[in-house]
Amino acid sequence: MNRGFSIVEVLVTLIVIGILLGLGTVGLRASLANARDAERQADIEVIARGLEAYYDRGNPYYIAGGTKGSYPGSNMVVSINKDGWCPGTIFPDAGQAAKYSACKDYWSDALPGVTQAALTPPGKSGKGLSNPWLQPESNPLQIMMPAITAAINDGYYVYKAMSDSDQHCYDDTGCTRYALIYKKETTDEVVIVRSKHQQ
């Protein structure tokens, strides 16, 4: 006599398969999140090296007294990172301005080694290095301000230029510190990478 599977055996088999698929999906999600966090860390390291090169070399296109020994302030970051704004006072002539990364909406000239890929966080389609320019600060010495929290919660990287006293720095020179900030996807930990020349 031929005997088939009972309904209980079929149900048990389906439940076991469902559990195994669920465990596999959870493991895959965790692996992907870990990979994205590793990409975030690598991006921030590339950006930090570019900022240190800027500090050591200065901006080769900037003519207002030079920028060696300073990180780009928020005013300079806006011209580099926002919409390709090229203020004429920065450049000695139009030809030099045309070569500068700000005019191309790109960082590579001012920050050696920093590519568009390094500025693009996982899951984002464009540059994601924001800076809290002209945002109100209840405590100017506090690194984490509402604009920064909102940006990292949205998955972006944040650059905050600072003076010796950790106050937000807007100048094109005199920004002796910085903080690069991002949030880990796996643990929700906020990571703050500070400048090499921190005192």
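Buried residues are those under 20% relative accessible area, exposed ones are over 50%, and partly exposed ones fall in between (1.4 Å probe, protein chains only). By that cut-off, Tyr157 and Tyr182 are both buried. The model is predicted, so local features need pLDDT of at least 70 and side-chain atom pairs count only at pLDDT 80 or more, while totals for chains, interfaces and linings use all residues. Residues are numbered from 1 along each chain as its sequence is written, and side-chain values use heavy atoms, with hydrogens and water left out.

**Nonpolar cores**

- A nonpolar core is a set of buried Ala, Val, Leu, Ile, Met, Phe, Trp, Tyr and Cys residues joined through side-chain atoms within 4.5 Å.
- The largest core has 20 residues, and Ile47, Leu51, Leu129, Tyr159, Tyr178 and Leu180 touch the most other members.
- Helix H1 (7-57), strand S2 (157-162) and strand S3 (177-183) each give two or more residues to this core; helices (H or I, at least four residues) and strands (E, at least two) are DSSP runs, numbered from the N terminus.
- H1 provides the largest share, 6 residues.
- Another core, of 9 residues, lies apart from it and includes Ile143, Met145, Val158 and Ala179.

**Aromatic pairs**

- Rings of Phe, Tyr and Trp (its six-membered ring) pair if their centres lie within 6.5 Å; planes under 30 degrees apart are stacked, over 60 edge-to-face, and the rest tilted.
- The whole structure holds 4 aromatic pairs.
- Tyr157 and Tyr182 are edge-to-face, because their ring centres are 6.5 Å apart and their planes are at 85°.
- Tyr157 is in strand S2 and Tyr182 in strand S3, 25 residues apart.
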